[in-house]
Amino acid sequence: MTQANVDTPSLINASPFSEFLAGARDSFPLIVGAIPFGIIFGTLAMSSGLSFAGAMAMSAFVFAGSAQFIALGLVAVGTAWPIIVLTTFVVNLRHALYSATLAPYVRHLPQRWQVPLAFWLTDETFLVVIKRYTQQPTAPYNHWYYLGSALFMYTNWQVCTFIGLTVGQMLPNAAAWGLDFAMPVTFIGMVIPYLKNRPMVATVIVAGVVALLAHAIPHQLGLMVAALAGIAAGLLVQQWGKQEILV
Amino acid sequence: MNELYLIAGMAVVTFVIRYSMFVVAGRFEFPARLNEALGYVPPAVLTAIIVPAVLMPNGESIDLSWTNAYLVGAVVAAVISWTSKNLLLTIVVGMAVFFGWQWLVG
């Protein structure tokens with residue numbers, strides 16, 4: 001019965017601080033993966049039209065990697081801010097799933113814990129922390145583990161943004177000599193790994209074609225139309241796939 | 001572009017999403033259909049940004065010719081990403097091809 005090992009907390013000597021360190025340590029590989037994103041975000045921010053302070057503030061107060069990148073892309077093409085906020089909402093909706101998944105484990109905590117833990121909830125921290133919670137659901141200092149992961153992630157993101165901004169500042173007028181290609185090429189590297197099944201391929205093809213067709217719609221609303229069309233296409237193909245299996 | 005409104009708005013919606021479920025979880029079920037749809041959001045949004053940027057670099061007309069360095073760089077980046085699954089390598093090679101192509105044809 002090796003299964004028994006999974007939920008036997010080996011935490012006889014655990015303290016809040018040791019749990020905090022364990023959370024940070026277990027997040028390390030994911031944090032290394034986030035480093036290039038943070039630096040690239042900072043580098044692109046200036047040429048996209050954000051100020052130095054604006055880019056730092058975005059990393060400090062929004063703290064959501066993919067939404068920040070998409071916001072940069074939208075700022076660069078002159079999108080109205082309410083549309084960017086709306087896009088942020090849609091892109092970050094997945095965090096509601098994380099939040100709902102973690103909720104049973106954090107509900108007993110006071111608000112002074114719940115509020116910062118919610119603010120620091122990212123893809124990376126969720127992946128690390130949910131593993132801990134499911135393995136040791138009753139361990140007393142799991143929230144310290146969460147805090148360790150979250151603070152390490154947050155600090156790293158601020159430092160990387162700053163490094164990127166500093167580098168970006170040394171390359172004034174980056175767009176003029178083609179650094180505007182850095183954003184599409186980064187996004188390509190982020191999209192390709194999604195193409196693992198037919199619904200995702202349909203999403204990407206339809207979103208791309210509609211983006212071209214709807215390009216003339218003002219305020220970059222064509223982008224929202226294209227994204228929604230892509231999502232609908234993915235869901236449709238997924239539905240067909242299910243029916244094929246049933247037949 | 002009002003940066004203050006933009007960042008404040010993004011910060012508020014992001015926090016509300018992350019915090020809301022701590023408050024309401026257990027009181028209602030997330031519709032399965034919405035769950036599935038959310039999975040398609042990142043590739044759909046990213047693609048809708050990439051395709052016009054690559055195929056309409058001047059912002060007006062579609063340029064499918066081999067002299068379009070954005071297109072050539074994008075195709076190479078997609079191939080590298082597909083074969084290596086390495087983001088950093090994709091960016092570095094994609095940028096190098098883009099600059100090289102621009103220099104060669106420009």
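Contact means heavy atoms within 4.5 Å. Helices (H or I, at least four residues) and strands (E, at least two) are DSSP runs, numbered from the N terminus. The model is predicted: local features need pLDDT of at least 70, side-chain atom pairs count only at pLDDT 80 or more, and totals for chains, interfaces and linings use all residues. Residues are numbered from 1 along each chain as its sequence is written, chains are lettered from A and ligands numbered from 1 in the order in which they are written, and side-chain values use heavy atoms, with hydrogens and water left out.

Helix H2 of chain A covers residues 52-62. Its buried residues (under 20% relative accessible area, 1.4 Å probe, protein chains only) are Gly54(A), Ala55(A), Ala57(A), Met58(A), Ser59(A), Ala60(A) and Val62(A). Within chain A, these residues pack against helix H1 (16-48), helix H3 (65-76), helix H6 (111-119) and helix H8 (142-169). They also pack against helix H1 (3-24) of chain B. Phe63(A) follows H2(A) and has a positive phi, near 55°.

Chain B contains 5 helices and 0 strands. Its order from the N terminus is α-α-α-α-α. The radius of gyration, taken over C-alpha atoms, is 20 Å for chain B, whereas a compact globule of 106 residues would have one near 13 Å (2.2 Å times the number of residues to the power 0.38). The C-alpha trace of chain B spans about 60 × 35 × 25 Å along its principal axes. Of the 106 residues in chain B, 45% are buried. Contacts between residues at least 24 apart make up 27% of those in chain B that join residues at least 6 apart in sequence. The accessible surface of chain B (Shrake-Rupley method, 1.4 Å probe) is about 5,400 Å². Carbon and sulfur atoms account for 70% of that surface.

A cavity is a set of points on a 1 Å grid over the protein atoms alone where a 1.4 Å probe fits but cannot get out. Grid points are joined across faces, edges and corners, and a volume is the space filled by probe spheres set on the points. A search of the whole structure returns 1 cavity of 30 Å³ or more. The largest cavity has a volume of about 50 Å³. Its lining residues (an atom within 4 Å of a point) are Thr87(A), Val90(A), Val91(A), Met224(A), Ala227(A), Leu228(A), Ile231(A) and Val45(B). Helix H4 (81-92) and helix H11 (221-246) of chain A each supply at least two lining residues. H11(A) gives the largest share, 4 residues. The lining has 7 nonpolar, 1 polar and no charged residues. Here Ala, Val, Leu, Ile, Met, Phe, Trp, Tyr, Cys and Pro count as nonpolar, Asp, Glu, Lys and Arg as charged, and the others, Gly among them, as polar.

Definitions and conventions. 1 Å grid on protein atoms, 1.4 Å probe; cavity = no way out; pocket = protein on both sides within 12 Å on 5 of 7 lines; lining within 4 Å. Buried < 20%, exposed > 50% of the residue type's maximum accessible area, 1.4 Å probe, protein only.
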